[in-house]
Structure formats: C-alpha cells, structure tokens
Amino acid sequence: MEQKLFGTSGIRKIANVELTPTLAVKIGLAVATLAERQKVAVAHDTRTTSDMLEHAVTAGLLAGGATVQKLGLIPTPALAYLTWKLGADTGVMITASHNPPEYNGIKLFNKDTTSYSGEQQDRIEEIIKNGGFRRQPWDKIRKVSTLNRMSLYVEMVQNAVKLEKKWRVVLDPGCGATSHIAPMLFHKLGCKVTVINAQPDGFFPGRKPLPDAESLQPLSKIVKQLHADIGIAYDGDGDRMVTIDEKGMLTSLDQILAAYAAYLVKKNKGGVVVTHVEASACIESMVNSLGGKVFRTKVGDTNVAAAIKQKKAIFGGEPCGAWIHPQHHYCPDGILSSLLVLKALEEEGKTLSAFVSEAPRYAIIRKAVECPDNVKVSVLKKLEDTLPTCFPDVEEKLTIDGVRLKFKDGWLLVRLSGTEPLIRITVEAENKERTEEIMKKAIRLVNKLVKERA
Ligand code: MG
C-alpha cells in the first residue's frame, strides 16, 4: 500500500525529516493551485518547528497567487472558526495535535469550518505527486498580513456559554496552543481558575501533548488537593479535552461522550448524534432510551463532521475527547466542549462524577496485530467473509470502516490502521470474561490470515 500524505486527521510526520520545508512549500502551492485568487488564513501551535513550516507553507501559497493572513499561535478550532469569520477561502493549521514534540503536521479547513474532505486531500496529493503546480507571474504575487483576531473567537465562546456558578477549575493546557486562551476564557466566564503547564513551549516540558491517565496524574492530584469541581486538560492544539472529576479520577471518555450526548438529546427532545465505529455502545444505550438516534461513521473527525452536516445532527464526537458542536462550527473544540460540560452540570445540578456515571460502563479492550502494509487490504477483504462465520451469534455486520460485528451482548471491530502496519481490534461486552473470549478468537483468526498472506 502506497504511503499517503494525508492520514485520518491531515498530514502528520516527523518535522524536518519527513515533513520538510520543501514539502510544506509544495503543499502551500498545491492549495493555491486548486483555486485562483484565494484568501488563506494560516495559524500554528507551539511546536519548535511550527514557525519554520508556517513560513514554508506561506511561501508556497504566495507563489500560487494566494493572499495570506497570519493569525499566529492559536488553537486549531480557533483557526477553523476564524477562517469562516474572516471570510477566508481556506484555513491552514500547522500542528501535530497530540503527537510527540518531534512531529508536526498540516491540517486544511474549508470556509465553512469543516476540514478538507478525503477527495480534496486526494486532489492536493495528486498535484504534489505529478508536479501539476500553477505558479503565478511576479506581478500577481500578493501580500501577507499579520492579524490578531482572537477576540472574535472569544466573543463566540462567550455568546455560546453563560455560567451562573463560580466553578473551581484546574486547567492543564500542557504548554500547547490553549495555554493563554483557555485560562482567559474561564476567568471571563466567572470561574475560579488554577492553571498548570500554561507557558507555551514546543518541548512540552510539563507533560506529553497527549492527555491520558499517565500524563494527567499531576492534574488529578491538584484537583484533589484544592477540592476543585473539575480538572480539564487539552491536547497540543486544543481540539480535544479530557476531564478529571471532583474526586480526582480521570473521567471515562466513552462515558462522558454518552452522558453529554444524552443530556443534549433530552434538552432537544430527540435528535441525531454522530460518533465513529470504535466508540462504546454506551452512547446508544443512553441516546436511544431518550428518543434520540446514533449515527456511526468511519474513524476520524473529518468523517464525523461530514456526517453531522449531512444528517443535521445536534452533536457529534469521538471518544478521544474531540467533540463537535454544529451550532457554533464544525471543528472539534476542546475549550468550548469543556465549558459546555460545565453548563450541562449546572443545568442538571450534578457533580461531574454523578453526571458521567449515568452512562453504563462496559468492558472494552483495544489491541493491535502486526500486518505488512502490502497485504493489509487483502486480509481485511478476507475477514469480511470469514469473521462472521466464527461467531454464530452475530446480529449485524457493518463494513463502513473495517468489519464491525454486533452481538446481543457486545461488539467486535477489526480495522486497518491508517498510519502504521497494524490491524486494530476493539472488543466491547458486558463483562471482562466475555470481552476477552471474543478478543482471543478474533486475534487468532486475524493472525492466521496475516500469516497466510504475508
Ligand atoms: Mg488535536
């Protein structure tokens, strides 16, 4: 399988090794080649290589005849929102999100705040591969301007959320793109805020850019020590959020997604909620019981956003903490999501732990089997037929992203990794024993098929 430039969430590679300034110039030029006389908004996260790549992308955009507005260091959702608000045609975000510090990436947005679709990304790849660039003559090269328009994003969030209670909040931006803006917004909304890791720093000295159980231990401790209501952490570029409850416990990302979706469905008296095939079935348990509907997509926020738009959904999200609120824009937004969680707690009169525990907690296991890239597709094809025959109690088979089998008491998903030579297997069932039994059977079969084809 040929290594593609774009993955499930834009381009993400090791900076200055795979994602070089030379490649970034080509990406900028390809974006400008697609449409004439474009206005492009460009922003970046805190990574050490972000300035370097921003200059390179900008050079490419200018060479292709675009006008460039540089918005500086801002979170990804702010770039997406400002692309629309400032009337730009395209938004370019230089970020590798939650990847380690040596990575960087490029994510492209349309003027309606959705990220570039698979087809748009394929067209960019095609231009780069074939060298089909359209360079403009010297007298058609336009200007770069530097703008500070964060106030427009702040205004949007302030209009979206009004809080009554003076919440005691501990924030952990992790030295990423939300470092300044998140504490400022929580202050403005009347919260009592304590912040850790709030200095923008591309070495991420406080914790890794991925907010998980291990990296959020200091945050948990401080929430407990200060008797705070909630701890909130963001990933490197601020499109994801993870919460710590008032007891200092990391909240289950599947459960909070389901609980928040249920709260919205109840409030709206129905509605469609979008998530992807790998999320826990606790979202269906919650949403269906309240008269709502869950629509499942392929993994990746681009797919979730497209389905939200198409299905006119009231909400959508992935269990990594990337939530989309279509009333405001179509980019996952960590800061907005965390403030909306506080609003939900306020309206429901609940603590975070009580709110989240309303969603059932099932046993979920995620594993991966190694599989060479060149046989991945044929193994998956074979699995589509073979996998259901191994499980006599299959109720439903979905093939939107890999193979997903639904049983009476759980489900199994086998899908190809978009970035690594791996086949990912996820199993969820009502108890641990059943989950392990399904996982064991699935791994045995996948291993057998990989061996036969490798
Ligand atoms: Mg991110």
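**Aromatic rings**

Guide: In this predicted model, one aromatic cluster is formed by Tyr260, Tyr263, Phe315, Trp323 and Phe355.

Visitor: How many aromatic pairs does a search of the whole structure find?

Guide: Two rings count as a pair if their centres lie within 6.5 Å. With the whole structure searched, the number of aromatic pairs is eight.

Visitor: Are Tyr81 and Tyr153 stacked, tilted or edge-to-face?

Guide: The ring centres of Tyr81 and Tyr153 are 6.3 Å apart, and the angle between the planes is 65°. Planes over 60 degrees apart count as edge-to-face. The pair of Tyr81 and Tyr153 is therefore edge-to-face.

Visitor: How many residues apart are Tyr81 and Tyr153 in the chain?

Guide: Tyr81 belongs to helix α3 (residues 76–85) and Tyr153 to helix α5 (residues 150–160). The pair links distant parts of the chain, and the separation is 72 residues.

Visitor: Is Tyr153 buried or exposed?

Guide: Buried means under 20% relative accessible area. The relative accessibility of Tyr153 is 0%, so Tyr153 is buried.

Visitor: Which class does the pair of Phe391 and Phe407 fall into?

Guide: The ring centres of Phe391 and Phe407 are 5.3 Å apart. Their planes meet at 40°, so the class is tilted.

Visitor: The charged end of which residue sits over the ring of Phe391?

Guide: Phe391 is buried, with a relative accessible area of 4%. At 4.8 Å from the centre of the Phe391 ring sits the charged end of Lys441.

Notes. Residues are numbered from 1 along each chain as its sequence is written. This is a predicted model: local features need pLDDT of at least 70, side-chain atom pairs count only at pLDDT 80 or more; totals for chains, interfaces and linings use all residues. Side-chain values use heavy atoms; hydrogens and water are left out. Rings of Phe, Tyr and Trp (its six-membered ring) pair if their centres lie within 6.5 Å; planes under 30 degrees apart count as stacked, over 60 as edge-to-face and the rest as tilted. Helices (H or I, at least four residues) and strands (E, at least two) are DSSP runs, numbered from the N terminus. Buried means under 20% relative accessible area, exposed over 50%, partly exposed in between (1.4 Å probe, protein chains only). A charge sits over a ring if NZ of Lys or CZ of Arg is within 6 Å of the ring centre and within 35 degrees of the ring normal.
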